[in-house]
Amino acid sequence: MNYLWHILAVVMIQMPSALGYNVVFGKGKILHFGPIATSLASAYLIFLLLKATGSWGIAVAAGCVGAALLSVLFAWISQRLEPDGFGVLSLAVHLGIVSIVLNWSSVTRGALGVPQIPSLPLITSLPRVALLATGVAMAWGGLLFWLHRRAFGRQLAALAEHEWHASALGVNRFRMQCAAFLLAGFGALLSNLQFAPYIHLLHPSDYGFPALINLVLYVIAGGPGNILGVALATVLLVTLHTTLPLLQWPAGIIGPVRLILFGTILFVVIWLRAPRIFPQRRSV
Amino acid sequence: MSQLVLNALIAGSLAALIAGGLALVYGVMGIFNMALGQMALFGGYMTWWFRVSLGQSLPVSILLGLCCGALLSWLTFRVFVEPFVRYHRWLPIVTTIAWGMILDGLILLLFQERPASILPGLESPVRILGGQLTMSQITLILATLSLLAIFAVILHATAYGRRIRAVVQHPHAAMSLGIHALRLRQMLFIASGTLAAAGGIFIGIDQNLTPTLAFPLTIKAYAAVIAGGRGSLYGAILCAYVIALLEQLLVGVTWFGAYTIPAGYQSAVALFLIIGFLLVRPHGIFGSPLRTA
């Protein structure tokens with residue numbers, strides 16, 4: 001039973017991050033490869049401050065500010081660059097932050113990570129963690145679904161389809177994209193706030209390139225922009241990821257098999273959804 | 001200091017080999033091949049396999065390794081790039097990420113994580129310009145420069161090169177003049193993959209091949225291409241050497257007589273260069289805007 005609670009907790013902890021990224025990459029069609037950079041920076045900010053001050057309030061507030069600043073920075077940069085240039089830059093920012101975390105060991109403890117992260121207040125048992133994560137994921141999904149059905153969703157979709165036409169119709173590009181990046185940033189923050197206290201460790205290897213690939217995979221497999229689809233894909237793929245070690249293959253086999261399996265899944269879903277991931281502009 | 005410059009020459013030659021082909025592919029097709037590092041490693045590992053496991057001579061192993069690299073590039077183009085680029089030119093970024101994951105897994109399964117060296121054993125170094133280089137390093141530097149020179153001659157002194165430059169400069173105008181763009185793109189992609197495989201062989205001879213090298217190789221090549229300017233072969237090659245020199249100087253010099261930078265930051269030089277160039281000069285040092293009628 002505990003294993004089922006664990007799977008539920010892991011799946012639901014990942015959910016806000018996946019749904020948030022879906023707003024930028026799936027709905028907004030912005031080639032953003034830096035969501036893990038926001039996760040990493042805000043996670044270290046929160047838990048290093050928590051260790052230093054012992055106050056959840058100060059730590060979470062600082063994490064919110066950090067995530068918001070980085071999100072706005074990404075939104076601003078995305079205005080200045082060609083989409084593929086922004087994709088490469090956001091990836092470089094992510095890897096640059098990983099490099100700083102790994103090398104600034106006097107503050108971050110480098111590759112050792114930050115151990116003994118305390119549990120969230122009152123969330124001390126596994127069922128409580130799973131139930132809290134489920135509640136947060138559902139509330140976050142509900143909020144995004146509500147936004148998706150409002151003017152925000154329509155305007156973001158219009159910008160994704162034809163930026164100039166949407167701007168000509170009065171859609172403020174910077175404001176919309178800023179909101180999309182902020183939603184992605186706060187989604188990542190919600191996941192971080194639960195993940196490190198759950199495993200009691202903040203480790204840079206959880207924020208590497210594979211973590212980005214997982215997010216891309218959830219969004220593409222679920223259908224870019226489709227909230228329910230992305231939620232379902234997250235459930236299935238995180239469950240697959242978590243249960244793969246049950247095969248009890250040697251460690252030297254399971255890692256490469258996981259890479260091949262997830263690479264193949266990613267390729268197959270792109271192949272099936274190729275015309276819809278970055279659709280051609282409609283014309284009369 | 002002279003040893004740092006010689007080290008930069010070695011690292012720069014490797015990066016130039018990979019970035020040179022990539023610069024033309026990016027210039028002609030406008031796509032990012034995120035599996036480039038894995039393609040380089042595949043060429044290196046296949047050469048190692050022919051040499052160490054099958055006992056072939058070094059020239060035969062290198063030739064077979066390059067052929068494997070070319071074959072893999074053709075497969076990558078036909079399966080992971082060409083069918084998707086017609087939908088959107090960003091799609092190959094994601095498909096090649098998927099292919100890179102599959103290749104990473106295959107390399108780990110087939111060759112495992114332990115370091116593999118094509119020429120095991122220590123060589124006695126030769127003293128040059130106050131620094132030290134081994135004979136194989138000198139050969140590799142000269143081979144890289146010769147290969148890039150051949151590439152440059154093809155680009156500037158043959159009809160084939162004129163077609164490539166025409167497609168880089170204005171694809172639609174070139175196609176309207178009867179240039180078979182698809183065939184040209186395929187050939188360029190294979191040439192780029194073969195140069196990357198040569199880079200992998202370079203690593204296998206000079207150092208050790210390990211599966212974790214793939215992604216840093218890709219990032220370094222892109223840093224050179226972005227800094228050099230879209231489609232600029234010489235810009236990419238020059239910037240590959242500059243990045244290598246910066247990497248060596250960053251961690252090899254005592255700054256202001258008192259400060260040293262941890263060696264871990266060496267790999268971040270390319271990343272910060274990408275960020276800096278994209279923010280300040282997105283078209284790179286030698287990039288020029290597209291000509292229009």
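Let's start in chain B, where α9(B) passes α11(B) in a left-handed crossing. Keep in mind that this is a predicted model.

Where are these two helices? Helix α9 of chain B covers residues 214-228, and helix α11 of chain B covers residues 268-280. Their axes come within 9 Å and cross at roughly 30°. Angles under 35 degrees count as roughly parallel, so α9(B) is roughly parallel to α11(B).

Which residues of α9(B) meet α11(B)? They are B:Ile219, B:Lys220, B:Ala223, B:Ile226 and B:Ala227. On the α11(B) side we have B:Ala270, B:Leu271, B:Leu273, B:Ile274, B:Phe277 and B:Leu278. Sort that contact by class. You get ten nonpolar residues, no polar ones and one charged.

Now the next partner. α9(B) also packs against helix α10 of chain B, residues 233-252. Here the axes come within 8 Å, and the crossing angle is roughly 120°. That angle makes α9(B) oblique to α10(B). As for handedness, α9(B) passes α10(B) in a right-handed crossing.

Look at who makes this contact. From α9(B) come B:Lys220, B:Ala223, B:Ala224, B:Val225, B:Ala227 and B:Gly228. From α10(B) come B:Gly235, B:Ala236, B:Cys239, B:Ala240, B:Ile243 and B:Glu247. By class, that is eight nonpolar, two polar and two charged residues.

On to the interface. How much area do chain B and chain A bury between them? About 3600 Å², with 83% of it on carbon and sulfur atoms. Chain B puts 38 residues into the contact, and chain A puts in 40 residues.

What about charge pairs? Side chains of opposite charge can pair when their charged atoms come close. Across the interface of chain B and chain A, the rule finds zero salt bridges. Over all chains, the count comes to three.

One of the salt bridges is in chain A. A:Glu163 pairs with A:Arg173, and the closest N and O atoms are 3.1 Å apart. This pair links distant parts of the chain, ten residues apart. A:Glu163 is in helix α8 of chain A, residues 163-168, while A:Arg173 is in helix α9 of chain A, residues 173-199.

To recap: α9(B) is left-handed in its crossing with α11(B), and right-handed in its crossing with α10(B).

Definitions and conventions
Residues are numbered from 1 along each chain as its sequence is written. Chains are lettered from A and ligands numbered from 1 in the order in which they are written. This is a predicted model: local features need pLDDT of at least 70, side-chain atom pairs count only at pLDDT 80 or more; totals for chains, interfaces and linings use all residues. Side-chain values use heavy atoms; hydrogens and water are left out. Axes are lines fitted to C-alpha atoms, for helices over the stretch in contact, and angles run from 0 to 180 degrees between N-to-C directions. Helices (H or I, at least four residues) and strands (E, at least two) are DSSP runs, numbered from the N terminus. Angles under 35 degrees count as roughly parallel, over 145 as roughly antiparallel, 65 to 115 as roughly perpendicular and the rest as oblique. A crossing is left-handed if the near helix is turned anticlockwise from the far one by less than a right angle, and right-handed if clockwise. Contact means heavy atoms within 4.5 Å. Ala, Val, Leu, Ile, Met, Phe, Trp, Tyr, Cys and Pro count as nonpolar, Asp, Glu, Lys and Arg as charged, and the others, Gly among them, as polar. Buried area is the accessible area (1.4 Å probe) that two parts lose on being put together, summed over both. A salt bridge is a side-chain nitrogen of Lys or Arg within 4 Å of a carboxyl oxygen of Asp or Glu.
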